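Here is a short briefing on one protein model. Look at the structure first, then work through the points below.

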Amino acid sequence: MTIDELLKKVKKIHFIGIGGAGMCPCAEILLSLGYELTGSDNNDTETFRKIEREGAKVFLGQKKENIADDVELVIYTNAILAGNEELDYAKANFPCFERAELLGAMSRLFTNCIGVCGTHGKTTTTSMITQALLEAGLDPSAVIGGKLPVIDAYGRFGKSENFVCESCEFNNTFLHMNPDVAVILNVDEDHLDFFKNLDNIKKAFREFAEKTTRTIIYNGDDKNTVDTLRGIEGKKLISVGTSDNNEWVAKNINVPGGFHIDYDIYHNGEFVTHLELSVPGEHNVLNSLCAFVACVESGAEVEKICKGLKSFGGAARRFELLGKHRGITFADDYAHHPAEIRVTLEAAKKMGYKNVWAVHQPFTYTRTSLLLDDFAEVLKLADKCVISKIMGSREVNTIGIKAKDLADKVPGSVQLDTFEEICDYVLSHAEDGDLVITLGCGDIYKVARMMMEKTAE
């Protein structure tokens, strides 16, 4: 039986890894739809306790006894390692589906599912669309890869047919979905441990576009995206960008530095509106224009879209300003690919700080090895660079790559293994007027918080 069919029949669902950032919003939506939920996690996190407060019965630690005999469906995260007792028991005794399959089924529950994909910018753009639709009174449901401050959550349940969903390409997760509207921000080399090459990445995005039921909003300035979509038929294709050959165009772009951007929006050569943003970085011109068009396609009023986008101050871990102590400003960013690090550091360099410190945690051995020279090149943009040891995550280091290999290619950089060492080094060398920004999708954010705590003492 498919997961779509099961969701129409069952009432009791168990989540393995319920506290994960991707799992929690899915669980919240199912709770709001009236399902009875239980779930487990190995980590006692904010999201784990949040879903408990909302009505799920949760268990800290993973063992087979967590799953009641009357559970009718089990959802698990792909972050679960092989040999997990609870997951092995679930697969032997219950219908089990991975979180991506649940997300795919959820995309088919709504008549206006907006799937936001792209190698970079997904979380920010998904957040922008969600906040603008909220401002427009269209009450969207959402699953976001980062916390959106206006709702203080990674997702929400709304009582409308609008569903905004971050659609990740890793492991072909997004191919379980059938969005009504696809937003394709860019197509770039990433997750090469899975895809192997750019051609395979393009094929995956092409398939996602083909699975879209109605409309594709895409970056017409990105050659890889244009190549990927060439020849697609039976969909409404809408191009956005800064060049005049696009249907929707951003013109008169003003990026003065700081947390401000403004530009004019044109549609088929006709002026539509002036848009102001409260986030840094020229890359957010494209993100916000894609969000604007997605909201227009969803029936939102232009004035309310603009108000929602202006009030958006960024998602958590997307150039998130944490505070200022002893004259040093601390920020954190999820950037873990050279293209993402580049736009983050370029934005930071325009903000008038004395020195910009990049505290980078390389993520996975394959990505670090395959993109070593690209990482080195973008980290040179920082005035000061500190590199932690590589976070292997799901990988074993069979290729012998070390963080020092990266540091050796970045003149003047310092490589330190432990967070305590990094914290002490930066705080003993950073000066009044500096910006220190932690970069990476692992747990490097903990360093920023450690530095904040020590400077606040």
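**Briefing: cores, sheet and helices**

Leaving out neighbours within four places in sequence, Leu102 is in contact (heavy atoms within 4.5 Å) with Ile3, Leu7, Phe15, Cys26, Leu30 and Ile75. This is a predicted model: local features need pLDDT of at least 70, side-chain atom pairs count only at pLDDT 80 or more, and totals for chains, interfaces and linings use all residues. Residues are numbered from 1 along each chain as its sequence is written, and side-chain values use heavy atoms, with hydrogens and water left out.

**Nonpolar cores**
- A nonpolar core is a set of buried Ala, Val, Leu, Ile, Met, Phe, Trp, Tyr and Cys residues joined through side-chain atoms within 4.5 Å. Buried means under 20% relative accessible area, with a 1.4 Å probe and protein chains only.
- The largest core has 49 residues. Those that touch the most other members are Ile13, Phe15, Leu37, Ile75, Leu102, Phe163 and Ile184.
- Helix α2 (residues 23-32) gives this core its largest share, seven residues. Helices (H or I, at least four residues) and strands (E, at least two) are DSSP runs, numbered from the N terminus.
- A second, separate core has 39 residues, including Trp248, Leu277, Val285 and Ala291.

**A buried helix**
- Helix α5 (residues 99-107) has eight of its nine residues buried, so it is largely enclosed by the rest of the structure.
- Among the buried residues of α5 are Arg99, Leu102 and Met106.

**The open sheet**
- Six strands form an open sheet of mixed pairing, in the order β16-β17-β21-β18-β19-β20. Two strands pair if DSSP finds at least two bridges between them.
- The edges are β16 (320-325) and β20 (414-415). Each has a single partner strand, so one side of each is left without a neighbour in the sheet.
- Strands β17 (residues 328-333) and β21 (residues 435-439) run parallel, joined by five bridges. Phe330 has Val436 of β21 as its bridge partner.

**Two packed helices**
- Helix α10 (residues 283-297) packs with helix α11 (residues 302-311) at an angle of about 145 degrees, and their axes are 10 Å apart. Axes are lines fitted to C-alpha atoms, for helices over the stretch in contact, and angles run from 0 to 180 degrees between N-to-C directions.
- Residues making the contact include Ala291 and Phe292 of α10, and Ile305 and Leu309 of α11.

How values were computed. Buried < 20%, exposed > 50% of the residue type's maximum accessible area, 1.4 Å probe, protein only.
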